[in-house]
Each structure stands twice: as C-alpha cells, then as structure tokens.
Amino acid sequence: MPKASVGTLYRGHEGMWTWVAHRITGVAVFFFLLVHVLDTALVRVSPNAYDEVIATYKTPIVNLMEVGLVGAVLFHALNGIRIILVDFWSKGPRLQRQMTWAIMAIWLVLMIPGAYFMLQHTVESLFGSTS
Amino acid sequence: MSAPALNAPKTARSGGRTNYEMWSWIFMRVSGIVLVFLVLGHLLIMNVLDGGVQRINFAFVAGRWSSPFWQVWDLLQLWLAMIHGANGLRTIINDYSERDQTRFWLKAALMVATVFTIALGTLVIFTFDPNIS
C-alpha cells in the first residue's frame, strides 16, 4: 500500500469532510456499541449490578456524552442515506453537495429538541427546579 | 525498428475476493437503511421520550424484553450494527495499516471483539431472566 506523500494536493471540500466525519462517527459508535453490549449484559448478573452501571449513564457528564453519541449516530445515519442516494438515485451525484447541506439542516432541526429532552433532567438537577 | 513486444494481458482475477467486496458494499447499504430505523428508534425511545435515560433500570429492561417484538428488534439491531460496524472498521484498517503484520493483527483483534460481542449479546437476549435475584 503506497504511503501518502507529504502535502497532498487533494482538496475535497464538503465531500471530503463528510467522508472524514462518516469514518470518525462510525468508529466512535462502534466502540460505544462494544461497551454498551457489555453493560447491558449485566442484566444476567443481577438487577443491582445493572442498575448501578446504568446510574452512571444518568450523571451530568455522561448524559452530555450521550447527546454527542446521538449526534454522531444521527449524522452517520443521515450521511449514509445521502451516500445511498448518490449511489442509486439518478440525480444523486449532481445534487450531492445540496444534499450535504440538507442533512446538516435536518441534523440541526432534530438535535435541538432532542438535546433539550435529553438534558432536561440534568439541567434541572444542576440548576435547581421548583417542580 | 519493430514495436516492442507487449506482455500478454493479465488474466482476470478469479476467485471470490471481488465478489466478496461487492457483497460487502451492498450489505453496508442494505443494513444501513434497516439500522436507520432500528437504531434511531432505539435512541429515541431510550434517550429522548418519556424521561429518557433517567427512567431506565432493570425493571424497564424486563418490561421491554417480555415482548417478543422488542427481543427481535434488539437481536436484529445487535447483529446488523455489529457486522456493519466491523465491516466499516475492516475498511479503515485496510486503508491505514501499512504493514501486512499490523493489518493482520488489527483484523484478528476486530474479529475476536466482534464475535465475542455478538455472542454475548445474543446469549443475554435469549437467556434473560426477569426473576433473577
């Protein structure tokens, strides 16, 4: 396999960055999945063992990381759909750039209420709530 | 002066590899579409709706896995996500590892982690006992 030369001339614009982001989010989600199957497997140990590890998922910092995880999965899903449309839709290759901006917009529209509901409890517990 | 002799054209590579890569390419797209529904549905239910992660505990899992629908959902999700992810990592290992030995050992580790995780997850779904103490 040839080694990449220093100072490559490749300038990929949006397409390159979505490709990079697709890889990074894919790897991150895969490693989380390995951990997630392990923590879920604790239901075979005891209810207590499972509840204890799930309690860490409810802490503020891990809760924030979950928003990152959902954001990564959502990007990977939307960009994956874009890739499929580029491959199989006759107009896909011509519209790939517009589709990139479209998935970014969809991502933002879904993540704003998603993050709100995911962080609601954490924000209330940290900054107090009368309810 | 006569033209230099040309080498005979290479014969087409026979064997499964090309075909395998085509099926791998198709699998990523088919499993990807299914996973969009399974995983985004899973994340919506577990993290967003009705209190999200704060309401999850053993009893919640027991309630869900009392239904064959969610058992099948989770089993399909586990297998498809693991194979989709492992195949993605295989591509990345092929792209970035420069030495044959590195590539071999990274793929071996990937294979072990993948088989172990699928087996463990499958075992947990099939042997789940809501009355475990």
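Predicted model: local features only at pLDDT ≥ 70, side-chain atom pairs only at ≥ 80, totals over all residues.
Over all chains, the structure holds nine aromatic pairs. One of them joins A:Phe30 and A:Phe31. Their ring centres lie 6.1 Å apart, and their planes meet at 75°. Planes over 60 degrees apart count as edge-to-face, so this pair is edge-to-face. A:Phe31 has a relative accessible area of 45% and is partly exposed.

In chain B, B:Phe58 and B:Phe128 form a tilted pair. The centre-to-centre distance is 5.6 Å, with 40° between the planes. This pair links distant parts of the chain, with its members 70 residues apart. B:Phe58 belongs to helix 2 (residues 58–64) of chain B. B:Phe128 lies in the segment after helix 4 (100–127) of chain B. Both B:Phe58 and B:Phe128 are buried. Together with B:Trp65, they form one aromatic cluster.

A charged group also faces a ring in chain B. The charged end of B:Arg64 sits over the ring of B:Trp70. The distance to the ring centre is 4.2 Å.

B:Asn87 is located in helix 3 (residues 68–96) of chain B. Its relative accessibility is 10%, so B:Asn87 counts as buried. With residues up to four places away in sequence left out, B:Asn87 touches B:Ser24 and B:Met28.

How values were computed: Residues numbered from 1 in each chain as written. Chains lettered and ligands numbered in written order. Heavy atoms only, no water. Phe/Tyr/Trp six-rings, centres within 6.5 Å; stacked < 30°, edge-to-face > 60°. Buried < 20%, exposed > 50% of the residue type's maximum accessible area, 1.4 Å probe, protein only. Helix = DSSP H or I, 4+ residues; strand = E, 2+ residues; numbered from the N terminus. Lys NZ or Arg CZ within 6 Å of the ring centre and 35° of its normal. Contact = heavy atoms within 4.5 Å.
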